[in-house]
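Subject: the model you asked about

Hi,

Here is the structure, handed over as promised.

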Amino acid sequence: MPEFNNERTSPVELSPDDFRKAGYKVVDRIASFLDSLPSKPVSPEITRDELQKIIGIQSLPNRGESTEKILEQAADLLFKYTTFNGHPKFWGYITSSAAPIGALGDLLAASVNPNVGAWNLSPVATEIEAQTIRWIAEMIGYRTDCGGLMVSGGNMANFIGFLTARKAKAKWDIRKEGLAGSKAHSLLVYASKETHTWIQKAVDLFGLGTDSIRWISVDEKQKILIDELESKIKADKENGQHPFMVVGNAGTVSTGAIDPLNKMYEICKENDLWLHVDGAYGAFAAAIPDAPDDLKALKFADSIALDPHKWLYVPLEAGCILVQNPSFLIDAFSYHPAYYNFITEEEGSSINYYEFGFQNSRGFRALKVWLSLKQAGVDGYKKMIADDINLSKHLYKILDSNPNLEVLSQSLSITTFRFIPPDIDANSNKVSSYLNDLNEKLLHQLNEGGEAFVSNAVIEEKFVLRACIVNFRTTIEDIEMLPELVTEIGIEIDSKIRPVDLKSNK
Ligand SMILES: Cc1ncc(COP(=O)(O)O)c(C=O)c1O
């Protein structure tokens, strides 16, 4: 039996003084990092090989090192070798700049470390999460007595919407009998071809298979075709299949298109289908006064996925699912194992988030969302979101006035465009594939250059660049440099790679 005394030393413990010293240093370095962001390249110029050499190949250390030294080392690495989505000229994917209060919120949450799986383990954290859910619902015009919880991101939020719908609409006990209970009737889900890939992952991972998706075509604005949706549902019902869910997009991932949610709601009502809205990107824009009616119609959805780590500018990770009727969440996820002795909702006024979703132990990611909402207020958010959209519209205008660029779309805060050399006929087949190649290379060179960062979309087989502004640091000056930069790089690459038979056929 080893000997113990009352003076236990643990290598992970920090005395309050040491914590204060190390913490102040880290905070000082973060403040300088934030200050230096605009003058840094957006992305680091480094290869994987080089970075692996810097990190080193030494094996797991046997002995610990000084806290201050390893924090210094981590800060050095992070502040140098990262693609900075907080940079004012980062417009890639749908990844926002992060509100600094979120970093402080995460520090606070991790320091206290409440387990927000059950009320007993986290009384105040649970109530703050519940209030955050109500505030998010209120912000987008949804019922504030809805159910909901924080999750890691848009995929997970959509998965929860999907599983809740499946349980609510299956006509047998799917949690007990599984999919085998469906006999010959396939459960079917309807979504536009522009829907994010979470839908494939959901049907695949949860056993329906990708054939259970009825892909619906889109119009020239990338919105779902209502007539096709309606006729496919009708045909499937007549064939004895089991449609259960329609997915509407409140801001598609490629172009920010908003599906006609009003009409989709009518169709769902008529056919007893669950309307789930993927608002991971666009749902928060429903808060601004001039939001289109179709976006505001997300209030009719049975469930909505949203991403505070997108348009609430909360640091990763923060996703959220709202479900109109909270009891459907419990129906889909709750178990009461003997080793959990928590007061259930039925027994008293309590809320245990482990009953609402995938996780048992849960971190306090709601805190950074709650703090951000309190810091900016809904007016602050309306202004930041509207500014992003207006900047995107301005970007559309200045790209459109450049004779070397073709602009394909602008919706919410996404603008898509491509470079077309002025002496080339963009409509011939050969040229189409050359333009795709040219713009893909342009994208890589632009992003590697570190002056700005965008991503891409493919629209009607055209490879296009895509700038998505979910960035409260972007100014008009930042975006005004983009058309010229893209043109410059485009001309340079074109002069190097254009095949001889495509030389000046205009
Ligand atoms: C419309 C849409 N849905 C879902 C997702 C997935 O979100 P996450 O990356 O947070 O899992 C995204 C991500 O960009 C998205 O744009």
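Let me start with strand β3 and its neighbour: β3 and strand β4 (residues 213–216) pair in the parallel sense, over 4 bridges. Pairing here requires that DSSP finds at least two bridges between two strands. Helices (H or I, at least four residues) and strands (E, at least two) are DSSP runs, numbered from the N terminus.

Before going further, a caution: this is a predicted model, in which local features need pLDDT of at least 70, side-chain atom pairs count only at pLDDT 80 or more, and totals for chains, interfaces and linings use all residues. Residue numbers start from 1 along each chain as its sequence is written.

**Around β3**

On the β4 side, Y190 has R214 as its bridge partner. β3 also pairs with strand β5 (residues 242–249), again in the parallel sense and over 4 bridges, and there Y190 stands opposite V246.

How many residues of β3 are buried? The count is 6 of the 6 (residues 187–192), so the strand is largely enclosed by the rest of the structure. L187, V189 and A191 cover one side, and L188, Y190 and S192 the other. I call a residue buried if 20 or more other C-beta atoms lie within 10 Å of its own, exposed if 12 or fewer, and partly exposed in between, with C-beta atoms placed from the backbone.

**The ligand**

The ligand is surrounded by 14 residues, and the closest are G153, G154, N155, V253 and A280. To be included, a residue needs its C-beta atom, placed from the backbone, within 6 Å of the molecule. Helix α6 (residues 154–169) gives the most to this shell, with 3 residues. By class there are 5 nonpolar, 7 polar and 2 charged residues. Ala, Val, Leu, Ile, Met, Phe, Trp, Tyr, Cys and Pro count as nonpolar, Asp, Glu, Lys and Arg as charged, and the others, Gly among them, as polar.

**The other sheet**

There is an open sheet of 5 strands with mixed pairing, in the order β1-β11-β12-β10-β9. Its edge strands are β1 and β9 (405–411), each pairing on one side only. β1 runs parallel to strand β11 (residues 453–459), joined by 2 bridges, and W91 has V454 as its partner in β11.

**Two residues to look up**

S97 sits in the loop between β1 (90–91) and α4 (100–112). S97 is buried, with 20 other C-beta atoms within 10 Å. Not counting residues up to four places away in sequence, S97 touches N85, G86, Y313, N471, F472 and R473; contact means C-beta atoms, placed from the backbone, within 7 Å.

F328, in helix α13 (residues 326–333), is partly exposed, with 19 other C-beta atoms within 10 Å. Leaving aside neighbours within four places in sequence, F328 is in contact with T164, A168 and V323.

**The chain overall**

The chain has 17 helices and 12 strands. Buried residues make up 42% of its 506 residues, and its C-alpha trace spans about 85 × 65 × 45 Å along the principal axes.

Cheers

Conventions
Contact = placed C-beta atoms within 7 Å.
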